[in-house]
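Please look over the sequence and the model shown here before reading on. The report is meant for someone meeting this structure for the first time.

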Amino acid sequence: MTSDAVQEIKFSHRQPPWHVLVLGTFTLLAYLPFWFYKTIKTLRREGLLENVVLKKLPPSVLAISMVVPIINIFTAAGVFNEALNLYPDGNYPLKRNVGLASLLLAMFMSLLFPMSKGEGPQLLLFVLGVLPVALCQQWLNAYWKQKEPEDLIYREAFSVPELLVIIVGSLIFGLILFNFMIEKAS
């Protein structure tokens, strides 16, 4: 094979929002810091960040901040704000007040986290905190679809590590649900 025959495969930055929903749900939101890390790193590498804090702090520090109460609201709001500003549809209702919309979505996400300490099946409602992140991924996808070359591959299948995480996570998720049924029966 010649070097011309070997062509580098280039992938799009887009990720299906349903991937975010599935990974976030079945990892009981443990996927979210990784998503924030990956997203901030990509936006920084592409020169798309305007938020000073997101520009200055390392993506790993910002990802870790997602597990720190109160601080996670500001980190998430910053990323949501950046993504919403990139969203190409100028008539989108949330674009009327980007800062407020970003803050409210981040607060919604963060205020659900304490539900994980609840009792019974309602404790699983905390995984709804993945919804604003999936919405943010949708905004980013719209931007990338408009800006990226059309020949980039849009990966729709899960990678092997993602599949393993989903399998392990779904087993844990199932054990939690099974535990509720056992407690209810006794």
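## Overall make-up

This is a predicted model, and its secondary structure comes to 8 helices and 0 strands, so that the elements, read from the N terminus on, run α-α-α-α-α-α-α-α. Along its principal axes the C-alpha trace spans about 65 × 50 × 30 Å.

Of the 186 residues of the protein, 40% count as buried, and the protein exposes about 11,100 Å², of which carbon and sulfur atoms supply 66%. Among the contacts with a separation of 6 or more, 71% are accounted for by residues 24 or more positions apart.

## The nonpolar core

The largest nonpolar core has 45 residues, and those with the most contacts inside it are Trp35, Phe36, Phe80 and Trp139. The elements that give two or more residues to this core are H1 (17–26), H2 (31–45), H5 (71–86), H6 (98–112), H7 (131–147) and H8 (160–185), and the largest share, 8 residues, comes from H5.

Trp35 shows which parts of the chain meet here: leaving aside its neighbours within four places in sequence, Trp35 is in contact with Gln15, Val20, Val79, Val133, Cys136, Gln137 and Leu140.

## Helix H2

Helix H2 has 15 residues and reaches 21 Å from its first C-alpha to its last, which is close to the 21 Å expected at 1.5 Å a residue. The buried residues of H2 are Tyr31, Leu32, Pro33, Trp35, Phe36, Thr39, Ile40, Thr42 and Leu43. An α-helix has 3.6 residues a turn, so residues three or four places apart point the same way.

The buried residues of H2 pack against H1, H3 (52–56), H4 (59–64), H5, H6 and H7. Just after H2, Gly47 takes a positive phi of about 70°.

## The loop between H1 and H2

Leu28 is found in the loop between H1 and H2, and Leu29 is found in that loop too. The phi of Leu28 is near 55°, a positive value in a residue other than glycine, while Leu29 has a positive phi of about 75° although Leu29 is not a glycine.

Are these two residues buried, or are they partly exposed? Leu28 counts as partly exposed because its relative accessibility is 22%, whereas Leu29, at 8% relative accessibility, counts as buried, the cut-off for buried being under 20%.

## Two buried serines

Ser12 lies in the segment before H1, and Ser12 is buried, with a relative accessible area of 11%. The side chain of Ser12 reaches the backbone nitrogen of Arg14 at 3.0 Å, and the side chain of Ser12 also makes a polar contact with the side chain of Glu148, at 2.3 Å. Not counting residues up to four places away in sequence, Ser12 touches Glu148, Leu152, Ile153 and Tyr154.

Ser110, in turn, lies in helix H6, and Ser110 counts as buried because its relative accessible area is 9%. Apart from residues up to four places away in sequence, Ser110 touches Asn72 and Ile73.

Conventions
Residues are numbered from 1 along each chain as its sequence is written. This is a predicted model: local features need pLDDT of at least 70, side-chain atom pairs count only at pLDDT 80 or more; totals for chains, interfaces and linings use all residues. Side-chain values use heavy atoms; hydrogens and water are left out. A nonpolar core is a set of buried Ala, Val, Leu, Ile, Met, Phe, Trp, Tyr and Cys residues joined through side-chain atoms within 4.5 Å. Buried means under 20% relative accessible area, exposed over 50%, partly exposed in between (1.4 Å probe, protein chains only). Helices (H or I, at least four residues) and strands (E, at least two) are DSSP runs, numbered from the N terminus. Contact means heavy atoms within 4.5 Å. The expected span of a helix is 1.5 Å times one less than its number of residues. A polar contact is a pair of N or O atoms within 3.5 Å; within protein, one must be able to donate a hydrogen and the other to accept it, and residues adjacent in sequence count only if both atoms are side-chain atoms. Accessible areas come from the Shrake-Rupley method with a 1.4 Å probe; for residues, only the protein chains shown count as cover.
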